[in-house]
Amino acid sequence: MAKEPILSAKDVEIQFSLRGKKLTAIRKCSLDLYKGETLAIVGESGSGKSVFTKSFLGMLDANGKIIGGSIMYDGIDLSKYTTEKEWMTIRGKKISMVMQDPMTSLNPLKKIGKQIQESIEINQGIKGPQAKKLALEMLAKVGIPDPERRYNQYPHEFSGGMRQRVVIAIAVACHPDILICDEPTTALDVTIQAQILNLVRSLQEELKMTVVYITHDLGVVANVADRVAVMYAGQIVEAGLVNEIFYDAWHPYTWALLSSLPQLGVKGEPLPTIEGTPPNLFNTIKGDAFAPRNKQALAIDFEEEPPFFKVSDTHIAKTWYLDPRAPKIEQPKSIRQLRSKMEGRR
Amino acid sequence: MIKYTIKRLAQSLVTVAIVATIVFLLMRMLPTDYFFTEDQLMKLTPEQKTEQLEAAGLLDPMGEQLLRFYGQTIRLDFGQSRRIQSGVPVIRVIGDKFGISLRLGCIALIISLIVGVVLGIIQTLNKDHILDHVGTAYTIFVNAVPSLVSYSLVLVFGSKVLGLPPIYSTRNPGPSSIIPIACLTLASIASYALWTRRYMVDELNKDYIKLARIKGMSSKTIMVKHVFKNAFVPLVQYIPASFLYTISGSLLAERFFSVPGMGPLLTDAITRYDTNVVQTLSIIYASLGIIGVFLGDVLMMLVDPRIKLAGKGGTR
């Protein structure tokens, strides 16, 4: 993984103005994406997973703004983009996105085929029958049988899983470098989830895409991701290869997240939950944002924000626990048992 | 589709028949004195009255009268007007007025559709900015101020400032219809603008608009290709009905500007006991309403692929 990153976000800060107040949703967040990899971003609701990745293609809501940092892609700083015209050179062509709910992502009054074709026509400058041919190919590629007939159908004639396939076809119709999947399976039936994940994987191989999954389903993460980034309160707190995060995590929030996996539950006992609530992002946060919810927090956690410590070449964690001066803290027992438990299940 | 149309048509006929029957019976419940003018009431002896009533068939048993009424209606014989234009067939009485109402109404409808929808689009494009607020202020003003007040304002402005004729005249129908038409459009422009804006804003906030942006579409293309068409679909349903209702004329505006249209006809016929006119108008109004809704549904089906009027639609 010593390759050049394809996209490199550095110290990104994103602020929303809400009812006259400023909410800092992303606080100096950095992330590198490499070509062809699959990264999963996990974290609880409101941790900023979606907002952070949406900023890569200028899809922040109107009241949100990147106020600091840089997002370098192909030698250009995307964080400086302001006009729609600039973003139109990126969206669909270079970076694309699949949203959560396939039931509402398609225009109900437009033929499925036309909606895919539209994307091809805008981005590739191909018109008419040729674009139609590509759209049909795309339909076949995402595993929709009988594309000729399906092309002329409307979204209501498709099931949820089929619609998500169409949404994916639209998103990748112009062969983007990066595909962001924002909880692509949350709204779907469990039996369909695996199919959609497989589809994304095969398209990824075929088109050599980088895929970013945003999810809070750790099962999905374990299945698809090469690397995992854990987000909390607008920051990435730990990032590493999937095994490193699952079996050798160091940030207390990652521990808490993993301990609440149902696989680790003991029969008859309630599942562990993360107590407390995430910090209010309207306020400035002092020290480690997770400290107030962390029972084993160190005194310094409340005073000063920890830097990133390197656990391995591919694994970093933002916690004072890894400072050589910190008192000796062991990973919780359940985390150490995770490997055997998970493997035992398979 | 054909099966559905036939079924719908049959239902409609039943509805019209019920309306006609109720109106007929209501008219017959009035005391027979209504048959005579005041003059006749004073001068005629009771025997003469009975004679005339019998000749008109009004003393026959109710069932018999009703059957006769049905028979005539089916033969499209609506009888003659007795008071409004004595002795003239009802169809002619209505026909003369109908033309005037239809002309004014259609012009007003077309103007308000175009202006209203355009205003709605402008409001959406400038949402929460000055033009949007101006549009909203107009909508609220028109709805909050009683029609007669706003009509008077238009009248004063039109006649004093623009020098237009203040009252409709058959000799000079062109210029003299301008003020009445302007008044007719006032409220409907407001409502078309309101609904257009509302449906467009609704569409704009939907997820598929986000996906269209992610695809790389410009806001302008999205507006034209996605938002406008989708927002227009719910509006389409009401267009045939509003078109047909123009035939019935506007009671208030036509009275206010002395337009000899359909608007005041029904109330006139009722107050003057012109039974045949009342019955015929009721049948016409009921039919117009039913046809309007039906055409709206058909139109809706043509523009919205999700709607299948007959049978069970949905996923295959």
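## Domains of chain A

Chain A splits into domain 1 (5-225) and domain 2 (230-345). These bounds come from an automatic or database domain assignment. The centres of the two domains of chain A, taken over C-alpha atoms, are 28 Å apart.

## Basis of the model

This is a predicted model, in which local features need pLDDT of at least 70, side-chain atom pairs count only at pLDDT 80 or more, and totals for chains, interfaces and linings use all residues. Residues are numbered from 1 along each chain as its sequence is written, while chains are lettered from A and ligands numbered from 1 in the order in which they are written.

## Where the domains meet

In chain A, 22 residues of domain 1 are in contact with 14 residues of domain 2. Contact here means that C-beta atoms, placed from the backbone, lie within 7 Å.

On the domain 1 side, β2 (21-34), β3 (38-42) and α8 (218-224) of chain A each give two or more residues. β2(A) gives the most, with 10 residues. Helices (H or I, at least four residues) and strands (E, at least two) are DSSP runs, numbered from the N terminus. By class, this side of domain 1 of chain A holds 11 nonpolar, 6 polar and 5 charged residues. Ala, Val, Leu, Ile, Met, Phe, Trp, Tyr, Cys and Pro count as nonpolar; Asp, Glu, Lys and Arg as charged; the others, Gly among them, as polar.

## Where the chains meet

Chain B has 21 residues in contact with 28 residues of chain A. On the chain B side, α10 (207-215) and α11 (219-236) each supply at least two residues. α10(B) gives the most, with 7 residues. This side of chain B has 9 charged, 6 polar and 6 nonpolar residues.

Note on methods. Contact = placed C-beta atoms within 7 Å.
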